[in-house]
Amino acid sequence: MKIAIIGYGKMGHMIERIALERGHQISVIIDADNLADIDSKAFRKSDVAIEFSQPDTAVNNLLRCFSAGVPVVCGTTGWLDSLDAVKSVCESGKGAMLYSSNFSIGVNIFEAVSRYLAGIMNGYPQYTPSMEEVHHIHKLDHPSGTAITIAEELIAASDKVDRWAEPADNTDDADNTENTDKVENADNSKTLFISHRREGEVPGIHIVTWDSPQDTITISHSAKSREGFALGAVLAAEWLAEKCKKFSVGPIKIGSGQTGFFTMKDMLKF
């Protein structure tokens, strides 16, 4: 399989190594200094692209992938305000994409467990949920995209909370525009608070806590390295390329009844 890599930072390098180890070819590597190569013949001949860039370039990269007829796996976070617009392009049959805020298999299992636990807690009003996430000091957005995904899944399953927000005393200088309204309009009785910490080179820790006057229940996921994220992205690329191959992609045309937008839930069959 020919894989195009968009974004050649630490994740891009790791994705390249794992893809090669799994017997794939790297058709083209695109970074900030050669963005025009998305229009190249080598890119258009790719079976799939894997996009890990920056929030301010991700949407344009995705749209250019669609125009080139190349399915794309995207792991860039911080651009979720535009997700619905990108998703609508895919669902109109003009693109194919698998998006996840976190490609770690373990994180996705954790998300499913958290969602299940939230449903159980509807029958126990004494418990109140909260969340915490910890990442390396280079991560600018907060809460993390993974934390937001876990929170939204928990909220969907819970009668106790209907919004998320950061605690008022847990802010820093990083740009955080995604949930400004939610912070300002938060009703504490129905709000899931997500605190964050930035420490050293921590790959990622996510903690969900249910607290009551009598006891505390905590579930957590701690990544040991970024390798699990990179492996999951390559597995997602393999899955998406095979999925699109079945439905005549290039320029992408998803078959009757098929959507062009996928998530890890589709891949893992949760």
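How many bridges join strand β5 to β11, and in which sense do the two run? Two bridges do the joining, and β5 (residues 97-99) and β11 run parallel. This is a predicted model, so to speak a computed one: local features need pLDDT of at least 70, side-chain atom pairs count only at pLDDT 80 or more, and totals for chains, interfaces and linings use all residues. Residues are numbered from 1 along each chain as its sequence is written, and side-chain values use heavy atoms, with hydrogens and water left out.

**The chain overall**

- The chain has nine helices and eleven strands; these are DSSP runs numbered from the N terminus, with helices being H or I of at least four residues and strands E of at least two.
- Of the chain's 270 residues, 48% count as buried (under 20% relative accessible area; exposed is over 50%, partly exposed in between, with a 1.4 Å probe and protein chains only).
- Take the contacts with a separation of 6 or more: 72% of them are between residues 24 or more positions apart (contact means heavy atoms within 4.5 Å).

**The six-stranded sheet**

- Six strands make an open sheet with parallel pairing, in the order β2-β1-β3-β4-β5-β11 (two strands pair if DSSP finds at least two bridges between them).
- β2 (25-30) and β11 (261-262) sit at the edges with a single partner strand each, so one side of each has no neighbour in the sheet.

- Another open sheet has five strands in the order β7-β8-β6-β9-β10, and its pairing is mixed.
- Here the edges are β7 (163-165) and β10 (216-222), each with a single partner strand, so one side of each is left without a neighbour in the sheet.
- From one strand to the next, the twist averages 20° (axes are lines fitted to C-alpha atoms, for helices over the stretch in contact, and angles run from 0 to 180 degrees between N-to-C directions).
- β9 (residues 205-211) and β10 pair antiparallel over seven bridges, and Ile207 has Ser220 in β10 as its bridge partner.
- Helix α5 (residues 105-121) lies across β9 and β10, at about 165° to β10.
- Helix α6 (residues 145-157) packs on the sheet too, touching β6 (128-135), β7, β8 (191-198) and β9, and its direction makes about 30° with that of β9.

**α5 against α6**

- The axes of α5 and α6 come within 8 Å and cross at roughly 30°, which makes α5 roughly parallel to α6 (under 35 degrees is roughly parallel, over 145 roughly antiparallel, 65 to 115 roughly perpendicular and the rest oblique).
- Residues in this contact include Phe110 and Arg115 of α5 and Ile150 and Leu154 of α6.
- By class, the α5 and α6 contact has six nonpolar, four polar and three charged residues (nonpolar is Ala, Val, Leu, Ile, Met, Phe, Trp, Tyr, Cys and Pro; charged is Asp, Glu, Lys and Arg; the others, Gly among them, are polar).

- The axes of α1 (residues 10-21) and α8 (residues 227-245) come within 9 Å and cross at roughly 60°, so the two helices are oblique to each other.
- Their contact residues divide into ten nonpolar, no polar and two charged.
- Met14 belongs to α1 and, at 21% relative accessibility, counts as partly exposed.
- Leaving aside neighbours within four places in sequence, Met14 contacts Arg226, Glu227 and Ala230.
- Met14 and Ala230 are 216 residues apart along the chain, yet their C-alpha atoms are separated by 6.2 Å.
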